[in-house]
Amino acid sequence: MSGTVRVRVDVNGETRENEVEPRLLLVHYLRDVLGLTGTHVGCDTTNCGACTVHLNGESVKSCTVLAAQADGAEVKTIEGMSQNGELHPLQQAFHDNHGLQCGYCTPGMIMAAADLLQRNPNPSEEEVRHGLEGNLCRCTGYHNIVKSVLDAAGKTQGVSA
Amino acid sequence: MSTVDDTTTGGNGFVGQAIKRKEDRPLITGRGNYVDNMQLPGMQWMAVVRSPVAHAAITSIDTAAAKQRPGVVAVYTADDLAGSGIAETGIPMFWAPPGVEIKTPVHFPLARGEVKFAGQAVAVVIGGDRYSVVDAVEDVFVEYDEKPVVIDPEAALQDGSPLVHEDFGTNKTHDWSIDGGDADGALAEADVVVERRIVNHRISGAPIEPRSTIADPRGDELTIYSTTQIPHILRFALSGILGMPEDKLRVVAPHVGGGFGAKLQVYGEEILVAAAARKLGRPVKWTESRTEHMATSHHGRDQINHVKIGATSDGKITALKLHTIADVGAYFQILTPFIPELGFPVANGCYDIPNVKLDFTCVFTNKFATDAIRGAGRPEITHFLEVMMDQLAAALGVDPVEIRRRNFIAADAFPYETALGINYDSGNYQGTLDKLLTHVDMQAFRQEQEQMRAQGKYRGIGLSTYVEVCGLAPSRAVGPQGVGLQAAFWESAVVRVTPSGSAIVFSGASPHGQGLDTSYAQIAADRLGIDVQNVEVLHGDTNQGPFGWGTYGSRSLAVGGEAIARAANKVQDKAKRICAALLEAAPEDIELVDGKFQVKGSPDKSMTMAEISGAAHIPPNELPADFEPGLDETSFYDPENFVFPFGAHACVVDVDAESGKVDIVRWVAVDDCGPAINPMLIDGQVHGGITHGIGQALFEQIVYDENGQLVTGTFVDYALPTAAELPSYETDRQETRSPVNQLGVKGVGEAGTIAASPAVVNAVIDALRPLGVDYIDMPLTPLRVWETIQAAQGPGDGAPLTEQGAELDEHGRGSAGSGPTAPEEGGAA
């Protein structure tokens, strides 16, 4: 692959600027170039959601976005969720409700849930279940993930997600 | 309910509490240390050239173009790695049952001259970054001379079938049998015999974290970071394969993103990364794609079970006879031919069955290997037995609850020896079923079901009252002179108190999501009289702590946790001796109460663990001259028996008869895994376990086409359950102590999976009985359910499908009696 493109991305409030291959996926830009390894890869086909991040405030699966497409955009990853050592309400809720086991799907699950709560601050259980349909977990059976999101609902207003 | 024996605990009472997990913080903040997150200086990437065909001779491999590509540093075939140890030694298989010959093909990490399944590794490419090595794979040109393929295990046993391994002259790997009593005689005399052919299809473990391995050579030392459940076994195996002494090899399992058995393995890629790194003298990483996972991380199940149950006219089971045909794929991984048999100790389930005969036949096909996936042999046994309980109930016109009650082993019959000579440790099967029925009002359900049927809606309920065998394992029972595994299954623990009185616990188990850092800390903290937050649990690094056997088989609490309890007790004993010397009392007069070591009857005379440990590390003169400093004890615990958790699950489904779609509307689980160390973690394991079983029952299936091509190579085609398709679960517990270990505990990691699939199938059959459906094989996809309804309704006679008269002719009726989903001829005599 010849040639590179320059990308300038605001990642968790810091401006990052790099020459990258045009085909470089956003998830690999975050992980391999910027060292933000909290965003994971689980499937390569946009099914599992382990790579979910926020792009200009909305959740996207970063394995299906090119780094070049994020040029000029704001990206938020799991590393940007806690502020000054204080956990985001969703992070706290996942801990409080045993919403994670192996932890591999967790960052993507939290980022997807944050977007869900932004759009629907007080979802029903069914709305949470449908809202997280694009994120796979093999450990929890989703029971405690759903409980975590419902617990965090209503606590996220005013918290930047 | 009983509670944990606290005679040796310090009364802090952390055991039994729903303590929040110590391991969460890095994982929820994006600071997990998974293997693919690591980058080492100078690290190269490996990608694997894989066979696109299922059976062929390799006539040539041309690597020249790939080697020319920028960034590529090496391309290796099997020939190129000759002399590195790996070309001469295959992937190990650890089962050698006494008196049974297993045809065992040598399974090289890279194909030599021929390939026998699609996806088999043929060459590896090493280069500077993640993408360029994948590009270079496309420039390795391999010519294949294709051979006939066999995919169906029953066809593979027929004369004239294509042979996976021509040298063997057969596709049968081995037969293995066990019996107790006289099953044939009892079947001949039975009032009723129910017979079914029950298919338990192939599935994937599919942890969300794909496999990944890094090998880091430094001088004559090699460090391997790998997504493994068995770091110590992996080091032992790699030592032999690579010809390296174990002391020069370090294996680290850092954060591991789920295993479910798929990472209980010694994989060819782990060997290849190590060999390539040593040859190049620099670190090499390989991370599998999801498609590689689906094709070349071992699969599970894939059995055809021919089952016969004989009973008296009043429903007392007199005999169970099984012939299993297990499709094990083309080559063995570490436990491949053993897994189909592994469920045998619980073949009679919760039931008093005096005559049992089990025959297993394992068969090669041109697929990837099967091996242990969550439950490993017990889900298969439990599935057919629990489905057959409902089949028997239907044949006799008895309620499924009642048929179970009539056959349960009585609560006062433990320890209970089964017909196969297995000693069930403890149980109260009536108890869990009774408790389940306090949550599920069966009479009200049947009324509701009737009302819904009158409206053309099909709701059903399915029960599963399971017992499983775990806590792997008593080494004498399963080792070389027992069942024949070339291994032992004790566990190790070190409990070390620091000079300032906090503790570090090392375990030979290797947790990867189960929450054992927390439950282990609870066990140690109570025995040391310190706060649970001051106990650090370490595992997964062969350079820390003694050899251990890893995490699988629901063993890490009943064996690994018990080892920690025993090591902590030794520390407590030494602490009491130190305390006694310093307080001028007898050691037997020192007791641990509320975190203080105090003289019995004189609670004002006491010491904390921090004070005692300070004295242990900087001994005052009051201690005897021959006092051995330090507070650091090791325990190796080999259980005397397995443990046998059990429970009762109920699943309620709605089936849309027009589309075949199954919705699970309610799940109630009552499990008994002994006294809870941490009830929050137990519930979490049960939730995930049930979901794995539901996944197999409704959605998941590994499918190969007739040419041996994997059809389900991504999560687009291999359907994991999502949150939207599942209910929240209702869980309850009963606590029956195991006499096997001092904690009284049993395992729970696999219980939900073992319980779940038959409950789903029984529920769907229960729902569809009015439509003439009396049996259905998993997976219960809408197509299969719909076809089964059609078949049960008979060929296109235009009869209305539902009582409301809705006809389904427009959906193409008339498929009855043919195709893979047609129900087998029922055998109720």
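In this structure, helix α17(B) passes helix α18(B) in a right-handed crossing, a crossing being right-handed if the near helix is turned clockwise from the far one by less than a right angle, and left-handed if anticlockwise. The model is a predicted one, in which local features need pLDDT of at least 70 and side-chain atom pairs count only at pLDDT 80 or more, whereas totals for chains, interfaces and linings use all residues. Residues are numbered from 1 along each chain as its sequence is written, and chains are lettered from A and ligands numbered from 1 in the order in which they are written.

Axes are lines fitted to C-alpha atoms, for helices over the stretch in contact, and angles run from 0 to 180 degrees between N-to-C directions.

| Helix pair | Angle | Axes apart |
|---|---|---|
| α17(B) (679-699) and α18(B) (751-768) | about 40° | 7 Å |
| α6(B) (231-242) and α7(B) (268-280) | about 55° | 11 Å |

The angle of about 55° makes α6(B) oblique to α7(B), because angles under 35 degrees count as roughly parallel, over 145 as roughly antiparallel, 65 to 115 as roughly perpendicular and the rest as oblique. α17(B) and α18(B) are likewise oblique to each other.

Residues are in contact if their C-beta atoms, placed from the backbone, lie within 7 Å. Among the residues of α17(B) that meet α18(B) are B:Gly689 and B:Gly693, and those of α18(B) include B:Ala756 and B:Val760. This contact has 10 nonpolar, nine polar and no charged residues, where Ala, Val, Leu, Ile, Met, Phe, Trp, Tyr, Cys and Pro count as nonpolar, Asp, Glu, Lys and Arg as charged, and the others, Gly among them, as polar.

B:Gly744 lies in the loop between β28 (730-733) and α18 of chain B. B:Gly744 counts as buried because it has 23 C-beta neighbours inside 10 Å, the cut-offs being 20 or more for buried, 12 or fewer for exposed, and partly exposed in between. B:Gly744 and B:Val643 are 101 residues apart in sequence, yet 9.5 Å apart in space, C-alpha to C-alpha.

Finally, the contact between the chains takes 45 residues from chain A and 44 residues from chain B. The side of chain A that touches chain B has 18 nonpolar, 19 polar and eight charged residues.

Technical notes:
Helix = DSSP H or I, 4+ residues; strand = E, 2+ residues; numbered from the N terminus. Contact = placed C-beta atoms within 7 Å.
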